[in-house]
Amino acid sequence: MAVIRDVMPAFELFQPASIEDAQAVLDRYGADAWVLAGGLDSFDWLKDRIKRPRALVDLAGIPELKGIRPWEDGLEIGAMTTLTEVVGHPVVRERYGILLEAAESAASPQIRNQGTIGGNVSQDTRCWYYRAGWACYRAGGNICYADTPESINREHAVLEADRCVAVTPSDTAPALVVLDAQMVIRTAAGRELIVAAEDYFVGPATDITRMTILQPGDLLTAIRLPGTWAGARFYFEKVRDRKVWDFALVSVASAMVMAGSGTGSVIERMRLAVGGVAARPLRLLAVEELVRGRPRNEATAVVAGSLAIEGARPLRFNGYKVPLLRNLVKRAIRGVEATTWTS
C-alpha cells in the first residue's frame, strides 16, 4: 500500500516586514529555519515531510523584495516579484525578451501568478530519489541512486556529472546567465554581495549539497539586468514532455549581436547557455568563442552543435538528450528559418 504523506510537520510561521527582521529569525533558528518565497517548491518538501523546519520565514510581506525598477542602464527585479509580473513588464518585453520567454515557459499561469523569480532560480533539484528522502550523495549519503544500472534517469544530467546526476530545474536561469545578470545577496553577516548569474549556481564538484552559493542565513534580494545585452538577437527554446507545467528536458538560451549587413554579416559576440543537462545552467564558453566572427549559417550551426556535446556522458535512459542538445544549439545559432531536426 502506498504511504500517504500530505500532512505538513508543525513549525512556527514568521512573516517579517523587512530583510533585517527576516535575517534575525534566520540567525536565531539557524539550520532549523526555512525560507519561503512563492512556496511552490517548499510545500512539496513540507507535505512529503522530507524537510522538517522549526521555523518558516515567509518573505511575502517585505516590500523591498518586490517590483521591477530602473537600475543604471537596465532593470532591477526584486526577488519576490512573480513570474507573471516579469512576463507582463513592458521594459522586459521591449529589451529583455528572452527573460520574458523563459519566465512564460515555467509551469502554468496559475503557478506563475504565485511563483517568484527568486524562488525559480533558487529551487532545489527535482530528482525523485533525492526528493523522496533517499540517502544519496546530495542528501549526505554515499551513492547516487539515479546513476546505477537499474535507475530511472531519463531526466538527469549528461554533462558535468560528479557523483550526483541531478539537473537544475530553473527555466529563467539560462536566460539570466545569457543576459549577464547580477544576483544581489544579503549575507547572514548583513553585507551586500553581488555575483554574476553564472556564478550564483554551483555544480556537485563545488558543493554537492547545494545548487546555489546561498549559505544559511543568506537572502537573494534582487536580480539586476545590465544594458549590455538589451535588445540583442535572442533565442529561447524549452523542450518538455507536456506544454504546461513540465520542467525542461533540455533548454537553450542565447543572445547574439551581429556585425556587418546582408550576406557579409558575422556574429560579433554571443552568449549561450543550456538547461536540463547539468546541475547548473551551463554557459557554453567554447561554443561562444567558436562562432565569433563567423556567419550565422548552417555550417556555423553544425560545428557549434558538435562542440556543444563534447564530453557528454549519457545514462541508461537519457541518451536522447545528446542529439537534442546538439540540435537546440544549432537552432540557437541559425534561428528557426528552414530548420530540420537531425539525429
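## Briefing on a predicted protein model

Among the contacts in the protein between residues at least 6 apart in sequence, 64% join residues that are at least 24 apart. The structure shown is a predicted model, and the values below were computed from it. The protein contains 13 helices and 12 strands. Its radius of gyration is 20 Å, close to the 20 Å that the globule rule gives for 343 residues, so the protein is as compact as a globular protein of that length.

**Overall dimensions and surface**

- Taken along the principal axes, the box filled by the C-alpha atoms of the protein is roughly 65 × 50 × 35 Å.
- Of the 343 residues of the protein, 53% count as buried.
- The protein exposes about 15,100 Å², and carbon and sulfur atoms supply 52% of that area.

**The second largest pocket**

- The second largest pocket holds about 290 Å³ of space, and 16 residues line it, of which R126, W128, E155, F247 and A248 lie nearest its centre.
- Sorted by class, the lining of the second largest pocket consists of nine nonpolar, three polar and four charged residues.

**Cavities**

- The count of cavities of 30 Å³ or more comes to three, and the largest cavity has a volume of about 70 Å³.
- The largest cavity is lined by 13 residues, and those nearest its centre are C127, Y130, C136, C144 and C164.
- In the lining of the largest cavity there are 11 nonpolar residues and two charged residues, with no polar ones.

Technical notes. Residues numbered from 1 in each chain as written. Predicted model: local features only at pLDDT ≥ 70, side-chain atom pairs only at ≥ 80, totals over all residues. Heavy atoms only, no water. 1 Å grid on protein atoms, 1.4 Å probe; cavity = no way out; pocket = protein on both sides within 12 Å on 5 of 7 lines; lining within 4 Å. Points joined across faces, edges and corners; volume = space filled by probe spheres on them. Nonpolar A, V, L, I, M, F, W, Y, C, P; charged D, E, K, R; others polar. Helix = DSSP H or I, 4+ residues; strand = E, 2+ residues; numbered from the N terminus. Rg over C-alpha atoms; globule rule 2.2 N^0.38 Å. Buried < 20%, exposed > 50% of the residue type's maximum accessible area, 1.4 Å probe, protein only. Contact = heavy atoms within 4.5 Å. Areas by Shrake-Rupley, 256 points an atom, 1.4 Å probe, with all protein chains shown as cover.
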